[in-house]
Amino acid sequence: MRGAPILVFAARLNGLQRAITDLAGGYSSATVEGIVYAPTDLPKLYALAERWGVKAAIEAIQAGAQSYTYNGLTYTRAMLRDLFAMDQEFTARAATAARAGIGISYARPG
């Protein structure tokens with residue numbers, strides 16, 4: 001019998017959402033996966049949350065869910081191809097930003 005799938009991006013997204021809430025609520029810093037962010041980093045964190053939301057949806061659907069809801073949007077199994085395209089777009093944007101020296105990182109390795 002298979003156990004429940006481990007949904008890595010959903011867990012990562014929860015930690016990221018806590019950090020966003022803290023920073024938006026007036027905290028001077030918040031840590032996400034060992035990286036300390038300040039309120040001025042909120043735009044980066046919102047972009048990262050959008051990326052991880054898509055990755056969490058892909059992960060959940062591939063693990064057998066019929067749909068995944070994040071930030072008021074529901075992604076369904078029928079949208080899986082679109083989710084992959086969105087993920088590729090995020091990867092391309094991150095690569096472009098890195099080449100431009102902007103330093104936006106959408107995900108930590110590992």
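Here are some friendly notes on the predicted model above, point by point.

1. Ground rules. Residues are numbered from 1 along each chain as its sequence is written, and side-chain values use heavy atoms, with hydrogens and water left out. As this is a predicted model, local features need pLDDT of at least 70 and side-chain atom pairs count only at pLDDT 80 or more, while totals for chains, interfaces and linings use all residues.

2. The core. The largest nonpolar core holds 27 residues, and L13, L16, W52, Y68 and L83 have the most contacts inside it. (Such a core is a set of buried Ala, Val, Leu, Ile, Met, Phe, Trp, Tyr and Cys residues joined through side-chain atoms within 4.5 Å; buried is under 20% relative accessible area, exposed over 50%, partly exposed in between, with a 1.4 Å probe and protein chains only.) At least two core residues come from each of α1 (8-24), β1 (30-32), α2 (42-62), β3 (67-70) and α3 (80-99). Helices (H or I, at least four residues) and strands (E, at least two) are DSSP runs, numbered from the N terminus.

3. Helix α2. With 11 residues, α2 gives the most to this core. It is mostly covered, 16 of its 21 residues being buried. Its end C-alpha atoms lie 30 Å apart, which agrees with the 30 Å that 21 residues should span at 1.5 Å a residue (the expected span is 1.5 Å times one less than the number of residues). G64, which follows α2, has a positive phi near 120°.

4. β3 and β4 (73-76) run antiparallel, joined by 4 bridges; strands count as paired if DSSP finds at least two bridges between them. The hairpin has 2 residues between its strands, and N71 in the turn shows a positive phi of about 55°.

5. The pocket. What lines the largest pocket? Its lining is Q17, I20, Y46, A49, E50, Y70, N71, L73, Y75 and M86, which divide into 7 nonpolar, 2 polar and 1 charged. (Ala, Val, Leu, Ile, Met, Phe, Trp, Tyr, Cys and Pro count as nonpolar, Asp, Glu, Lys and Arg as charged, the others, Gly among them, as polar.) α2 supplies the largest share of this lining, 3 residues.

How values were computed: On a 1 Å grid over the protein atoms alone, a cavity is a set of points where a 1.4 Å probe fits but cannot get out, and a pocket is an open set with protein on both sides within 12 Å along at least five of seven lines; lining residues have an atom within 4 Å of a point.
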